[in-house]
Amino acid sequence: MKIYFAPLEGVTTYIFRNAFSEIYGHVDKYFAPFISPAENCPLTPRERKDIAPENNIGIYLVPQILTCRSEHFIDAAKELSSMGYSEINLNLGCPSGTVCAKGKGAGFLQDRSSLQSFLDDIYSYAESCGMKISVKTRLGYREPEEFYELMEIFNLFPLSELIVHPRIRTDFYKGDIRKEYFAYALENAKCPLVYNGNIYSTQDYENFSRSFGIHLDPIMLGRGLVSDPDLAEKLKSTFEKEASSLTIETDFLKLRKFHDTLYHQYQKVLSPDINVLHKMRELWTYWQMLFDGKERDIKHLMKAKKYEDYEAIVYPLLQAEERST
Ligand SMILES: Cc1cc2nc3c(=O)[nH]c(=O)nc-3n(C[C@H](O)[C@H](O)[C@H](O)COP(=O)(O)O)c2cc1C
């Protein structure tokens, strides 16, 4: 079973990916949050730092590009190729207003004739240099029925993988997964298909797999894997052919190590202190799922403005869970 870590801008940074792969692992591919190339600027210094091979040692990383201009995509792809990357992902899912207004991300799904000629250009380039390009998409911009035409377009090109988040742009990340359209993709896609969306537990994986009548593999996990960093191991130990009968429980000692690594690494690269605390707060919006009944503590730590206040709440909280497991 292959598990991919979804790109989450602001969350799955190179610091996060390094800490995750060292402490948890069990992820086969990490997708980097998008880079957004511009005229004569394929990568900003910040984007370059995030995907620099020396900052991602031992991690199988797939950089992602967000653009609707094939010349910008190809410029960035050449740069990525010179850094050693031979697999790149195209973002056709970002629902943000500013991104879609520029016809990028999910916004690009509206203009299907431009999308087709864009894909024509980038896959001709890919073929000329042996680059693999995968696509991460939603079902459509306004209506899920747009997916039928999109599928026909995708099937014209040699996508290395098609990752589908079965929602439309206006769903953002909420609401029910539109399962019938992923089932359509399973029947009609000519390339390898990857499911992405709302898997937070082994039970969720089992339910989605059952409703599609197959063992979903590969899968891409986003919020579920940030919320429960043990989820990849839990899934593999439950559903792989050679799975052990051991049930993996959330390991709070590991979570403490993960927390401390991120907290100390962010202190080295971010300032002032409040920016480090903002980063940690964002992570706690995911981790709070693991701390049932501790809502008051979580609420307080979200308000901490100094390291000492933050630590005075976080360490007793983590230690209490370590003791009870
Ligand atoms: C905070 C945040 C940032 C995201 N950034 C990206 C991104 O840079 N590129 C991308 O393709 N998707 C991005 N996504 C979408 C996720 O990769 C994923 O498709 C989505 O969260 C659904 O999967 P999940 O239910 O497993 O989280 C982002 C989602 C969130 C919540």
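**Loops, sheet and ligand**

A: Asn198 counts as partly exposed, because its relative accessibility is 24%. The model is a predicted one. Asn198 sits in the loop that leads from strand 8 (193-196) to helix 8. Its phi is positive, about 60°, although Asn198 is not a glycine. Most residues other than glycine have a negative phi.

The ligand comes next. A polar backbone atom of Asn198 lies 2.7 Å from an oxygen atom of the ligand. Asn198 is also one of the residues that come nearest, together with Pro7, Gln64, Asn196 and Arg223, out of 18 residues around the ligand. A polar backbone atom of Pro7 is 2.8 Å from an oxygen atom of the ligand. For Glu9, a polar backbone atom is 2.9 Å from a nitrogen atom of the ligand.

Tyr4 has Met220 of strand 9 as its bridge partner.

Pro218 lies between helix 8 (202-212) and strand 9. The peptide bond joining Asp217 and Pro218 is cis, with omega about 5°. A cis bond also links Ser271 to Pro272, where omega is near -10°. Pro272 falls in the loop between helix 11 (252-269) and helix 12 (273-287). Most peptide bonds are trans.

Strand 5 (residues 87-92) is largely enclosed by the rest of the structure, because 6 of its 6 residues are buried. Side chains in a regular strand alternate between the two faces of the sheet. In strand 5, Glu87, Asn89 and Asn91 point one way. Ile88, Leu90 and Leu92 point the other way. Both sets are buried.

Strand 5 has a partner on each side. Strand 4 (residues 64-65) pairs with strand 5 in the parallel sense, over 2 bridges. Here Ile65 has Leu90 as its bridge partner. Strand 6 (residues 132-137) also runs parallel to strand 5, and 6 bridges join them. Leu90 stands opposite Val135 in strand 6.

Strand 4, helix 3 (residues 70-82) and strand 5 form a β-α-β unit, and the unit is right-handed.

Helix 1 (residues 14-23) is mostly covered, with 7 of its 10 residues buried. The buried ones are Tyr14, Ile15, Phe16, Arg17, Ala19, Phe20 and Ile23. Just after helix 1, Gly25 has a positive phi of about 65°.

Asn56 lies in the loop between helix 2 (45-51) and strand 3 (61-62). Asn56 counts as buried, because its relative accessibility is 4%. Its side chain reaches the backbone oxygen of Asp50 at 3.0 Å. Beyond four places in sequence, Asn56 touches Tyr14, Arg17, Asn18, Asp50, Ile51, Leu61 and Tyr85. Asn55 belongs to the loop between helix 2 and strand 3 as well. Asn55 and Val226 are 171 residues apart in sequence and 20 Å apart in space, C-alpha to C-alpha.

Asn40 is in the loop between strand 2 (29-31) and helix 2. Its phi is positive, near 55°, in a residue other than glycine. Asn40 counts as exposed, because its relative accessibility is 73%. Lys234 lies in helix 10 (residues 231-239). Lys234 counts as buried, because its relative accessibility is 14%. Beyond four places in sequence, Lys234 touches Thr202, Asp228, Ile248, Glu249 and Thr250.

Note on methods: Residues are numbered from 1 along each chain as its sequence is written. This is a predicted model: local features need pLDDT of at least 70, side-chain atom pairs count only at pLDDT 80 or more; totals for chains, interfaces and linings use all residues. Side-chain values use heavy atoms; hydrogens and water are left out. Helices (H or I, at least four residues) and strands (E, at least two) are DSSP runs, numbered from the N terminus. Buried means under 20% relative accessible area, exposed over 50%, partly exposed in between (1.4 Å probe, protein chains only). A polar contact is a pair of N or O atoms within 3.5 Å; within protein, one must be able to donate a hydrogen and the other to accept it, and residues adjacent in sequence count only if both atoms are side-chain atoms. Contact means heavy atoms within 4.5 Å. Two strands pair if DSSP finds at least two bridges between them. A crossover is right-handed if, with the strands pointing away from the viewer, the path from the first strand over the helix to the second runs clockwise. A residue is near a molecule or strand if one of its heavy atoms lies within 4 Å of it.
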